[in-house]
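Hi,

Here is the structure I promised to pass on. Have a look at it first, and then read my notes below.

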Amino acid sequence: MPADVTTALKEKFPQVTERASADHPAVDVPLVDLIAVLSYLRDGQGFDLLMDLTAIDWAEGAAPRFSVVYHLYSTAKPGTYVRVVAPCAGTEAEPTAPSAVEIWPAANWHERECFDMFGIKFQGHPDLRRILMWDGYPYHPLRKEFPLAGIETDLPVADIAEETGTKVIAAPMAGGPFVASPGEINLTEAEPRAKDESWSDRVARPDQTALRQMKE
Amino acid sequence: MVTPTTELGYNSKVEGGVIVSRADAAINWIRTNSMWPMPMGLACCAIELMAVGGARFDIARFGAEVMRFSPRQSDCMIVAGTVTYKMAPQVRRIYDQMAAPKWVIAMGACASSGGMYRSYATLQGVDRIVPVDVYVSGCPPRPEALLDALMKLQDKVRREPASKRLLSA
């Protein structure tokens with residue numbers, strides 16, 4: 001009974017508000033009450049499975065800039081599903097949220113991914129390291145200000161970077177699969193390729209000269 | 001007799017029990033027919049690479065069936081799949097650990113150019129970190145395409161001076 005979850009939550013926590021949702025119930029929770037609400041949902045409402053933990057970047061300058069989202073499922077009452085959203089505290093550069101590892105151990109890696117992609121510091125997390133990008137990567141790629149192509153930086157391992165002379169570069173986006181050219185959709189032409197021709201089969205990449213000489 | 005156009009010649013009347021050839025031809029013949037791959041399987045292309053090793057496509061016909069998971073014992077690194085920037089140093093490290101002579105096949109669109117992954121996380125072509133000898137198109141390539149690449153690599157090895165590869169980086 002989805003409506004019951006929201007009603008029960010509102011009775012116990014008056015500061016909880018309902019959130020527009022197309023299917024399952026969803027609630028907005030102030031950050032200070034987040035852990036109490038999540039604990040209650042697990043112990044009082046039987047939401048024993050943390051299905052997903054993610055975040056939303058509401059755009060630069062928005063208040064709040066980031067929200068954390070918890071997707072909860074109850075294995076005791078199959079089909080019962082609820083989402084909890086809480087705005088992050090902290091600054092835009094370093095948003096914070098409390099860690100849910102104590103409630104669901106599954107939150108551990110989810111929070112690491114969330115930290116990796118959005119830079120949200122989960123306070124109380126036992127081991128808040130990056131999980132997808134390498135340690136020492138300077139950016140958080142799913143933030144709105146980060147371009148899909150990436151930003152030039154160094155390879156993760158210094159001696160390999162020196163040996164190969166290669167850097168992490170911004171990927172060429174022109175003509176790529178994520179770049180739509182309005183009005184001229186021709187499937188043959190839309191094949192992934194760099195339309196700027198800086199990396200075509202006719203023009204060598206500038207950083208290839210060293211490797212080619214090494215091979216000769 | 002050996003002429004400039006024949007690699008191997010044998011005339012029993014002239015030579016008796018002796019076969020004369022060029023050292024390059026003999027060494028390259030040995031190299032081409034036992035090219036042990038280092039299967040650098042990183043994504044879905046690795047599944048096609050496994051099919052190449054199976055009975056239906058049977059890379060053993062070309063002497064390359066001994067997939068070595070140790071770089072010390074392999075001759076040809078087959079980079080099969082998407083190389084992320086996080087993985088790239090390890091790919092280069094394994095290449096460095098292979099004993100010369102060594103070759104590299106970039107299998108599939110991702111290994112050759114980054115493929116559809118024009119993104120912050122993906123190396124835009126494995127040739128940015130290791131010298132590639134043969135590129136295979138396809139996403140993923142058919143097993144036949146990899147066999148064709150292997151034959152092309154064998155052709156390339158046959159034509160090059162045997163000593164060229166001994167000190168390759």
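How many salt bridges does a search of the whole structure find over all chains? The answer is 19. A salt bridge here is a side-chain nitrogen of Lys or Arg within 4 Å of a carboxyl oxygen of Asp or Glu. Side chains of opposite charge can pair when their charged atoms come close.

Before the details, some ground rules: this is a predicted model, where local features need pLDDT of at least 70 and side-chain atom pairs count only at pLDDT 80 or more, while totals for chains, interfaces and linings use all residues. Residues are numbered from 1 along each chain as its sequence is written, chains are lettered from A and ligands numbered from 1 in the order in which they are written, and side-chain values use heavy atoms, with hydrogens and water left out.

Let's start with some pairs. In chain A, A:Glu18 bridges to A:Lys10, with 3.3 Å between the closest N and O atoms. A:Lys10 is partly exposed at 37% relative accessibility (buried means under 20% relative accessible area, exposed over 50%, partly exposed in between, using a 1.4 Å probe and protein chains only).

A:Lys167 and A:Asp154 also form a salt bridge, at 3.5 Å from N to O. A:Lys167 sits in strand S10 (residues 167-168) of chain A and A:Asp154 in strand S9 (residues 153-154) of chain A, so this pair ties together parts that are 13 residues apart in sequence. (Helices, H or I with at least four residues, and strands, E with at least two, are DSSP runs numbered from the N terminus.)

Over in chain B, B:Lys156 meets B:Asp133 at 3.0 Å, N to O. B:Lys156 belongs to helix H6 (residues 143-159) of chain B, and B:Asp133 to the loop between helix H5 (108-113) and strand S6 (134-136) of chain B, so the bridge links parts 23 residues apart in sequence. B:Lys156 is partly exposed at 27%, whereas B:Asp133 is buried at 11%.

Now for some strands. Strand S3 (residues 37-41) of chain B has four of its five residues buried. S3(B) pairs in the parallel sense with strand S4 (residues 76-80) of chain B over five bridges; two strands pair if DSSP finds at least two bridges between them. Across from B:Met38 you'll find B:Met77 in S4(B).

Enjoy exploring!
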